[in-house]
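Take a look at the sequence and the structure first, and then we can go through them together.

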Amino acid sequence: MTTIINTKRQFFWSKIQKNLLFLLLVLQFTACTKNEPFKTESFKTASGWGYTIAFKNKIIIKQSVIPVINDTKSFATENDALKVAHLVVDKLHQNISPTVTKNDLILLKIKL
């Protein structure tokens, strides 16, 4: 009689283990397929730095000058260019306009 109970427990645990393994595989697969769709890169310009934002390996934004300001000058540092690029990507993720404002530049402490 006790061997029947042990067999049922083993059957139950083997089912649980298989289901957990399947669930882990599904979660791992969805985590791998949810890659960052936007890719940011910086590039050197004649007077500083700019950035590009690509979506599915296609450049959708190429910014070689600091937006919003009246002068046509590039970002002073690569880090500044990437900070603005990441801000734009964040806005794209939130489905809001990727427009950069002067206040955004001030908050990011971009050297103008």
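Are Tyr 51 and Phe 75 buried or exposed? Both Tyr 51 and Phe 75 are buried. Please keep in mind that this is a predicted model.

**The overall layout**

The chain has three helices and three strands, and along the sequence they follow the pattern α-β-β-β-α-α. Of the 112 residues in the chain, 25% are buried. Counting contacts between residues at least 6 apart in sequence, 47% join residues at least 24 apart. The chain exposes about 8,700 Å², and carbon and sulfur atoms supply 60% of that area.

In soluble globular proteins, nonpolar side chains tend to be buried together. Here the largest nonpolar core has 15 residues, and the members that touch the most other members are Tyr 51, Ile 53, Phe 75, Val 84, Val 88 and Leu 105. Two elements, β2 (49-55) and α2 (78-93), each give two or more residues to this core. The most come from α2, which gives six residues.

Leaving out residues up to four places away in sequence, Val 84 touches Tyr 51, Phe 75, Val 100, Leu 105, Leu 108 and Ile 110.

**Aromatic pairs**

There are two aromatic pairs. In one of them, Phe 38 and Phe 55 sit 5.2 Å centre to centre with 40 degrees between the planes, a tilted arrangement. Phe 38 belongs to strand β1 (residues 38-44) and Phe 55 to strand β2, so this pair ties together parts that are 17 residues apart in sequence. Phe 38 is buried, at 14% relative accessible area, whereas Phe 55 is partly exposed at 31%.

Tyr 51 and Phe 75 form a pair that is also tilted, because their ring centres are 6.0 Å apart and their planes are at 45 degrees. Tyr 51 lies in strand β2 and Phe 75 in the loop between β3 (58-63) and α2, so the pair ties together parts that are 24 residues apart in sequence.

**Salt bridges**

Side chains of opposite charge can pair when their charged atoms come close.

| Salt bridge | N to O distance |
|---|---|
| Glu 41 and Lys 39 | 3.4 Å |
| Lys 83 and Asp 80 | 3.8 Å |
| Asp 104 and Lys 91 | 2.8 Å |

What does the pair Asp 104 and Lys 91 tie together? Asp 104 lies in helix α3 (residues 102-107) and Lys 91 in helix α2, so the pair ties together parts that are 13 residues apart in sequence. Both Asp 104 and Lys 91 are buried.

Lys 83 and Asp 80 both lie in helix α2, three residues apart, which is about one turn of the helix. Lys 83 is partly exposed at 26% relative accessibility, while Asp 80 is buried at 7%.

Leu 20, Leu 23, Leu 24 and Leu 27 make a nonpolar patch of about 400 Å². Leu 23 is in helix α1 (residues 2-33). With 46% relative accessibility, Leu 23 counts as partly exposed.

Terms used: Residues are numbered from 1 along each chain as its sequence is written. This is a predicted model: local features need pLDDT of at least 70, side-chain atom pairs count only at pLDDT 80 or more; totals for chains, interfaces and linings use all residues. Side-chain values use heavy atoms; hydrogens and water are left out. Patches are made of residues with over 30% relative accessible area and no salt bridge: like charges are joined within 9 Å, nonpolar side chains (Val, Leu, Ile, Met, Phe, Trp, Tyr) within 5 Å. Accessible areas come from the Shrake-Rupley method with a 1.4 Å probe; for residues, only the protein chains shown count as cover. A salt bridge is a side-chain nitrogen of Lys or Arg within 4 Å of a carboxyl oxygen of Asp or Glu. Helices (H or I, at least four residues) and strands (E, at least two) are DSSP runs, numbered from the N terminus. Buried means under 20% relative accessible area, exposed over 50%, partly exposed in between (1.4 Å probe, protein chains only). A nonpolar core is a set of buried Ala, Val, Leu, Ile, Met, Phe, Trp, Tyr and Cys residues joined through side-chain atoms within 4.5 Å. Contact means heavy atoms within 4.5 Å. Rings of Phe, Tyr and Trp (its six-membered ring) pair if their centres lie within 6.5 Å; planes under 30 degrees apart count as stacked, over 60 as edge-to-face and the rest as tilted.
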